[in-house]
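Dear colleague,

I am passing on the structure we spoke about, and my notes follow directly below it. Please read them with the coordinates open beside you.

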Amino acid sequence: MRVSVSTLWVPRAGSTVAQYEDAFYPPADGPRHARRLRFAVADGASESMLAGLWAGLLVRTWCKARRRSLSQILELAKGAWDVELAAYLEDRDRTDRPIQWFEEPGLERGAFATLLGVAFSTKSPSSGEWEATGLGDSCLFQVRGGDLLSAFPLKSSSEFDNTPTLVPSRTDAPAAEVERGDWRTGDTFFLATDAVAAWFLRSHEGGGAPWDELAGLGAVQFPDWAAARRADRTLRNDDATVVRIVVA
């Protein structure tokens with residue numbers, strides 16, 4: 001399987017890059033070639049502490065632990081979370097920024113994030129299968145021949161709300177949704193966190209071709225595009241991330 005990967009991302013308006021709480025993996029754009037490939041995005045829940053750190057840990061673990069079940073992957077991530085948290089606390093102490101009393105309940109509750117991962121396998125040089133796993137409202141879209149072939153796990157913009165399913169860092173995760181399909185040369189896949197995913201579905205429901213609009217954007221243009229969509233209220237002001245995977 002040969003693909004070309006490009007990732008577009010921008011923090012919410014008014015936030016810095018350091019405050020960006022979405023995550024994606026692999027981190028590098030460009031061509032990839034393998035019989036099996038994995039990609040993931042996650043959206044850290046901003047009401048929880050260290051949500052971006054947890055989102056990053058989830059996408060890395062999901063993509064690297066390819067021979068593990070989802071429950072095993074989430075257990076691995078939860079185990080690694082304790083190490084990440086210890087390093088964070090050590091850094092706060094080392095830089096004379098000790099944890100404050102009002103931060104302790106948040107640390108005790110842990111972090112939360114959505115997760116969307118897709119695993120591709122190859123049957124022939126021009127075809128194969130994919131399996132996506134979703135927890136929350138980060139979405140996968142598959143486009144073939146100018147048509148939206150698959151939307152997962154949400155299929156309508158009306159399904160987005162303020163209480164998506166989340167993966168916790170300290171307790172067991174709820175059951176995940178799973179979808180399977182096939183891929184062919186020429187297909188394009190998009191993995192998007194909720195703000196872009198909701199815009200994508202609204203645009204499609206209105207008769208648009210959001211995949212064409214995203215295809216014309218690069219990393220330099222994406223912040224201006226997001227600012228314009230936020231200004232006309234078609235894109236919610238949140239961290240925005242979309243991974244575009246073109247099957248060559």
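Just after helix H6, Arg-233 takes a positive phi of about 65°, and in this predicted model that residue is found in the loop between H6 and E12. Arg-233 counts as exposed because its relative accessible area of 75% is over the 50% cut-off. A second residue of this kind is Leu-50, a residue other than glycine whose phi is positive and near 60°; Leu-50 sits in the loop between strand E4 (36-44) and helix H1 (51-64). With a relative accessibility of 17%, Leu-50 is buried, because the value falls under 20%. These backbone values deserve a look because most residues other than glycine have a negative phi.

The bond from Tyr-25 to Pro-26 is cis, with omega near 0°, and Pro-26 lies in the loop between strand E2 (22-25) and E3. Phe-152 and Pro-153 are likewise joined by a cis peptide bond, with omega at about -5°, and Pro-153 is in the loop between E8 and strand E9 (167-168).

To return to H6, this helix covers residues 222-231 and lies across strand E1 (2-10) and E12, running at about 55° to E1. Its buried residues are Phe-222, Trp-225, Ala-226, Arg-229 and Arg-230. They cover an arc of only 135° around the axis, and therefore lie on the same side of H6. The face turned away from that buried side carries the exposed residues Asp-224 and Ala-231, whereas the buried residues pack against E1, H4, helix H5 (210-215) and E12.

The sheet in question is an open one of six strands, in the order E3-E1-E12-E11-E7-E8, with antiparallel pairing. Strand E3 (30-33) and strand E8 (147-152) stand at the edges, and each has a single partner strand, so one side of each is left without a neighbour in the sheet. From one strand to the next the twist averages 20°. Within the sheet, strand E11 (residues 188-192) and strand E12 (residues 240-247) pair in the antiparallel sense over five bridges, and Phe-189 stands opposite Ile-245 in E12. Helix H4 lies across strand E7 (139-144), E8, E11 and E12, at about 40° to E7.

Asp-194 is in helix H4 (residues 194-205), and it is buried, because its relative accessible area of 6% is under 20%. Its side chain makes a polar contact with the side chain of Arg-236, at 2.3 Å. Leaving aside residues up to four places away in sequence, Asp-194 touches Asp-43, Asp-137, Ser-138, Phe-160, Arg-236 and Asp-238.

The other is Gln-142, which lies in strand E7 and counts as buried at 1% relative accessibility. Which backbone oxygen lies 2.9 Å from a polar atom of the side chain of Gln-142? The oxygen belongs to Asp-182. Again not counting residues up to four places away in sequence, the residues that Gln-142 touches include Trp-130, Leu-148, Asp-182, Trp-183 and Phe-189.

Key. Residues numbered from 1 in each chain as written. Predicted model: local features only at pLDDT ≥ 70, side-chain atom pairs only at ≥ 80, totals over all residues. Heavy atoms only, no water. Helix = DSSP H or I, 4+ residues; strand = E, 2+ residues; numbered from the N terminus. Buried < 20%, exposed > 50% of the residue type's maximum accessible area, 1.4 Å probe, protein only. Polar contact = N/O pair within 3.5 Å; in protein donor to acceptor, adjacent residues only side chain to side chain. Contact = heavy atoms within 4.5 Å. Pairing = 2+ DSSP bridges. Axes fitted to C-alpha atoms, helices over the stretch in contact; angles between N-to-C directions. Arc of directions from axis to C-beta.
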